[in-house]
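The entries follow the order in which I checked things.

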Amino acid sequence: MNDQDGHSRKPIPKLWAKNETPEIETASVGNLTITPLPSLALEKRATSALDNWCENPSFENALSAIDIAASVSDKTPFFPPARQIRQTRKAKLLARRLANFVLGEKIEDPMSLLVAKPSLNQQIAEARSKLSEGPRNAHLWVELARLHTFSGSTKNASKAFQAALALAPDDRFVLRSLCRFSVHAVGTKDFEEAPFLAREALAMSDRIRFDPWVQAAEIALSDLLDLTPNSIGTGRKVLSAGDHSPLTLSELASAMGTLEMATGSHKRGLRLVEQSLSEPTANALSQASWLNSRDGITLRPKLSELGVSVVNEAAAYEAMNQEEWAVAIARLKDWQSEEPFSSFVAAEGSFYALGTVFDADAALNFCDVGLKANPMSKLLLNNRIVALCMAKRGNEATRQMDAFVKASPNWQSDPVTCATKGLVSFTTGAVNEGRNWYIQAVKLADKTKDLDLCFRVRAHWLFEESVRFQIPPDLIDSVVAELDSFLTKVNLPRGTLNVWKTMKSKIQESRAQCSLDEIVKREMAKPMQVLHLTDEPSIH
């Protein structure tokens, strides 16, 4: 089982449909003149949004109104637009959740909110039909690109984005959507340069000079690529000038704060992240939640006071931080429904489904959704094989394992693949073969000097031995003690620590049930000695 815990989240813009994106994030460029939003009090901004809806009760105005209403104390005036959202067929799950939050009502059955919608192919056909009537509509080209991204057709998505960019090279929505697509596309063959090309498009835009939303995207993308952002100096001036509302500056402060923390300026970065929470976007709120779940940072205001519950990504991180695993898995599922193309959500969901709640079906679903847009993801293919083994579907796991190694010429030098081979062998009853593969995995992991990998290979081998076979209790105690001691000397990702905690509980349950005689214990222990941590400097 593998995750993306080493993944470093940056506040890259979301790739949402335009009607699901707050209007302030999709403002059109026009003649490239921009009037900074005044720093209005939240209550005044909420009143203004409500007035707009009263004058024109459109779906978009209703969504803007309840988006702001989620942060105000008295939500009663916003009940009418919230009810409109709930009664609108095109409203997505997140919008309906937000409406329920404003109305103060709980969602008893989230699945009841799902309404019938056209298939992905039908949506693509509909988008093409609209483009035939308005081929110079850049936002329609973005929507087509988004749908192709969901279907796994990166090439077609890229072509649609090229058309959108040619039509509107300075459009905020186009640029920010392209930024997110490029991060997804980098995992696809022939698109490794996509993020660099997107960064170039951001840098060449006239909007980069004055637009905090585009500056935020350029800084976040540059940070992800380990490049110095072009707009870092301009961004600092914009943040200190006070010419924009806190909401407009939210993602810029988040991107710059994340960059400062990554480069060692922790206090300054923390202040900027806290500034991003004055009136946070969903993206800024999720970034703060991720930082909190990874580093355990103390934020003011507290995330629980900011409506984290209505943003699925942020709520997932918060649940992980509280070790509420069933809640975390549910929120990860909701998050994946918003970003089905994201390999990270699929990897994170399958990792925690397998390692904390031991839910093979949930893990398989996370992988299957993610593999649709990322069919060559080794991470997701590996996690799917692990899920099949947990579900005791050994024959299917064997077939997928055979296909996986056939497509990976150097798989025998990969410790993760060797460990997964060991798991498949255990599942199909080839115990000795499985142990030999795990021994190989441990040796290969030790050579990498990757402390997290060294730990995880041993922990997972011990777990599988303990829950499947009756291994000697004294050996279990010895290895568990060594692994726990190892953790006191190194700093491993929080995801590894969380999974080890739940796995160790299962291991101890299995230990109590062991009743083998001493001769069998000694014989069984012989091939297991490699489980013990070595004295190599690379491990300790």
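Below are my notes, from the whole chain down to single residues.

**Entry 1: overall**

I am working from a predicted model. Of the 540 residues, 56% are buried. I then looked up contacts with a separation of 6 or more, and residues 24 or more positions apart account for 65% of them. The exposed surface comes to about 24000 Å², with carbon and sulfur atoms supplying 51% of it.

**Entry 2: H22 and H23**

I looked up how helix H22 (residues 431-448) and helix H23 (residues 451-468) are set against each other. Their axes come within 8 Å and cross at roughly 165°. Angles over 145 degrees count as roughly antiparallel, so I put H22 and H23 down as roughly antiparallel to each other. The crossing of H22 and H23 is left-handed. On the H22 side, the residues that meet H23 include Arg435, Tyr438, Val442 and Asp446. On the H23 side, those that meet H22 include Leu453, Val457, Trp461 and Glu464.

I also checked Lys449, which lies in the loop between H22 and H23. Its phi is near 60°, a positive value in a residue other than glycine. Lys449 has 61% relative accessibility and therefore counts as exposed.

**Entry 3: Thr496**

Is Thr496 buried or exposed? I found 3% relative accessibility, so Thr496 counts as buried. Thr496 is in helix H25 (residues 494-511). Leaving out residues up to four places away in sequence, Thr496 touches Asp452, Phe455 and Arg456. H23 spans residues 451-468, and I noted a polar contact of 2.6 Å between the side chains of Thr496 and Asp452.

**Entry 4: H12 and H13**

I repeated the helix check on helix H12 (residues 246-262) and helix H13 (residues 266-276). The two axes come within 7 Å and cross at roughly 160°. H12 and H13 are therefore roughly antiparallel to each other. Their crossing is left-handed. Among the H12 residues that meet H13 are Ser250, Ala253, Gly257 and Met261. Among the H13 residues that meet H12 are His266, Gly269, Leu270 and Val273.

**Entry 5: H2**

How many of the 11 residues of helix H2 (residues 59-69) are buried? I found eight, so H2 is largely enclosed by the rest of the structure. The buried residues of H2 include Phe59, Leu63, Ile66 and Ala69. Asn61 is also one of the buried residues. Ser58 caps the N-terminal end of H2, with a side-chain oxygen 3.2 Å from the backbone nitrogen of Asn61.

**Entry 6: Arg180**

I looked up Arg180, which lies in helix H8 (residues 172-185). Arg180 counts as buried because its relative accessibility is 11%, and the cut-off for buried is under 20%. Not counting residues up to four places away in sequence, Arg180 touches Ile12, Pro13, Lys14 and Leu15, and also Glu339, Phe341 and Ser342.

**Entry 7: Lys392**

Last, I checked Lys392, in the loop between helix H19 (378-390) and helix H20 (394-406). Phi of Lys392 is near 65°, a positive value in a residue other than glycine. I noted 74% relative accessibility, so Lys392 counts as exposed.

Notes
Residues numbered from 1 in each chain as written. Predicted model: local features only at pLDDT ≥ 70, side-chain atom pairs only at ≥ 80, totals over all residues. Heavy atoms only, no water. Helix = DSSP H or I, 4+ residues; strand = E, 2+ residues; numbered from the N terminus. Buried < 20%, exposed > 50% of the residue type's maximum accessible area, 1.4 Å probe, protein only. Polar contact = N/O pair within 3.5 Å; in protein donor to acceptor, adjacent residues only side chain to side chain. Contact = heavy atoms within 4.5 Å. Areas by Shrake-Rupley, 256 points an atom, 1.4 Å probe, with all protein chains shown as cover. Axes fitted to C-alpha atoms, helices over the stretch in contact; angles between N-to-C directions. Parallel < 35°, antiparallel > 145°, perpendicular 65-115°, else oblique. Left-handed = near helix turned anticlockwise from the far one by under 90°.
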